[in-house]
Each structure stands twice: as C-alpha cells, then as structure tokens.
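Let us walk through this structure one feature at a time. Keep the sequence and the 3D view side by side.

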Amino acid sequence: MNQLSIISTPHDSTVTMTSTEIVDFINAHRKAEAEASGCDFPSKGFAKLQNKDFLEKVPVVLGAERSAKFSADLPDSYGRMQPGYRLPKREATLLAMSYSYTLQAAVYDHMTALENKIVQRATQPAPALASTPLTNDIAALE
C-alpha cells in the first residue's frame with residue numbers, strides 16, 4: 001500500500017494507486033475505525049471490502065468509458081496477472097468518496113504525500129561519486 005506507483009510519459013509523471021492498493025487502503029482504514037470503536041474487523045458496520053466488489057464499482061462511479069482508460073493487468077498474491085485499475089489521484093479520490101467522506105480525505109492525503117515524495121526525490125542532489133582512480137581519471141579528462 002505504501003508503494004509508489006507512477007505512470008510516466010516524456011512530459012508527465014502521475015502518481016497512481018492500483019485498485020488492489022486502494023482496496024488494501026480502504027480495509028486498513030475500516031480496521032482502524034473498528035478498533036477505535038472497540039469492534040472486531042470485519043464485523044457488522046465494518047465490512048471487509050473484496051477486490052471483486054471494488055472492481056465492479058469502478059465503472060459505476062467513473063463511467064464505463066472513463067474507467068476503461070485506467071484498466072491494467074495487475075499481479076495477484078500468486079503473481080498471476082488479473083484485471084484491475086491503475087487510478088490517478090482524482091479518480092482514486094472519487095472512488096473513495098463513494099464509500100465515505102473520511103475515506104475520501106484519507107485517500108486524497110495519501111496520494112498528496114506520494115506526490116510530495118516524488119518532488120523530494122526529484123529535487124535531492126545526486127550523491128557524489130567516491131574518489132577512485134577511475135573517477136580521478138574521468139575528472140582529469142573533463
């Protein structure tokens with residue numbers, strides 16, 4: 001769930017979450033809410049979301065044509081490729097909103113944090129090369 005998913009083209013790097021990551025995120029959120037309420041997870045009022053149910057909801061929330069743009073083959077727990085989605089921030093947030101407003105905010109904040117990590121990585125200076133005979137030769141040639 002904390003993995004960075006990025007769609008990269010020459011002019012765009014978009015942070016995404018896979019449908020599997022979103023389901024895991026929703027279930028972690030529900031589990032935390034259940035525990036805060038002194039309940040077990042899953043339990044009445046704190047159902048465990050199944051991946052197949054989430055996949056069915058994506059075209060309902062986003063529309064069939066729009067959701068098709070984000071379809072992707074994703075590995076399951078056995079490494080087999082299964083149908084799923086790779087969703088940018090807007091679409092991931094819309095889907096989370098279809099479950100609850102607090103979940104919407106949590107997904108939005110999570111994806112914003114992932115975007116900030118990308119910016120931080122891009123602005124960090126490259127590590128200096130250790131001085132070795134080869135790097136000294138390269139420096140002398142420059």
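What follows goes from a ring pair to a pocket, and then to a helix and the loop after it. Bear in mind that this is a predicted model.

Start with the rings. A search of the whole structure turns up 1 aromatic pair. Its partners are Phe54 and Tyr99, and they are stacked. The ring centres are 6.4 Å apart, with 15° between the planes. Pairing requires centres within 6.5 Å, and stacking requires planes under 30 degrees apart.

Where do Phe54 and Tyr99 sit in the fold? Phe54 belongs to helix H2, residues 51-62. Tyr99 is in the loop between helix H4 (89-97) and helix H5 (101-123). The pair therefore ties together parts that are 45 residues apart in sequence.

Is Phe54 buried or exposed? Phe54 is buried, with a relative accessible area of 0%. Tyr99 has 22% relative accessibility. Buried means under 20%, so Tyr99 counts as partly exposed.

Tyr99 has a further neighbour. Lys57 lies over the face of the Tyr99 ring, at 3.8 Å from the ring centre. Another lysine is placed over a ring elsewhere: Lys89 lies over the face of Tyr108, at 4.2 Å from the ring centre.

Now turn to the largest pocket. It holds about 250 Å³ of space. Its lining is made of 17 residues. Thr20, Asn51, Leu55, Asp76 and Gln82 lie nearest the centre of the pocket. By class, the lining has 6 nonpolar, 8 polar and 3 charged residues.

Which elements supply this lining? Helix H1 (19-36), H2, strand S3 (71-75) and strand S4 (81-88) each provide at least two residues. H1 gives the most, with 5 residues.

Which residues of H1 are buried? They are Ser19, Glu21, Ile22, Val23, Phe25, Ile26, Asn27, His29, Arg30 and Ala34. An α-helix has 3.6 residues a turn, so residues three or four places apart point the same way.

Finish with the backbone beyond the helix. Just after H1, Gly38 takes a positive phi of about 75°. Further along, the peptide bond from Phe41 to Pro42 is cis, with omega near -10°. Pro42 is placed in the loop between H1 and H2.

Methods:
Residues are numbered from 1 along each chain as its sequence is written. This is a predicted model: local features need pLDDT of at least 70, side-chain atom pairs count only at pLDDT 80 or more; totals for chains, interfaces and linings use all residues. Side-chain values use heavy atoms; hydrogens and water are left out. Rings of Phe, Tyr and Trp (its six-membered ring) pair if their centres lie within 6.5 Å; planes under 30 degrees apart count as stacked, over 60 as edge-to-face and the rest as tilted. Helices (H or I, at least four residues) and strands (E, at least two) are DSSP runs, numbered from the N terminus. Buried means under 20% relative accessible area, exposed over 50%, partly exposed in between (1.4 Å probe, protein chains only). A charge sits over a ring if NZ of Lys or CZ of Arg is within 6 Å of the ring centre and within 35 degrees of the ring normal. On a 1 Å grid over the protein atoms alone, a cavity is a set of points where a 1.4 Å probe fits but cannot get out, and a pocket is an open set with protein on both sides within 12 Å along at least five of seven lines; lining residues have an atom within 4 Å of a point. Grid points are joined across faces, edges and corners, and a volume is the space filled by probe spheres set on the points. Ala, Val, Leu, Ile, Met, Phe, Trp, Tyr, Cys and Pro count as nonpolar, Asp, Glu, Lys and Arg as charged, and the others, Gly among them, as polar.
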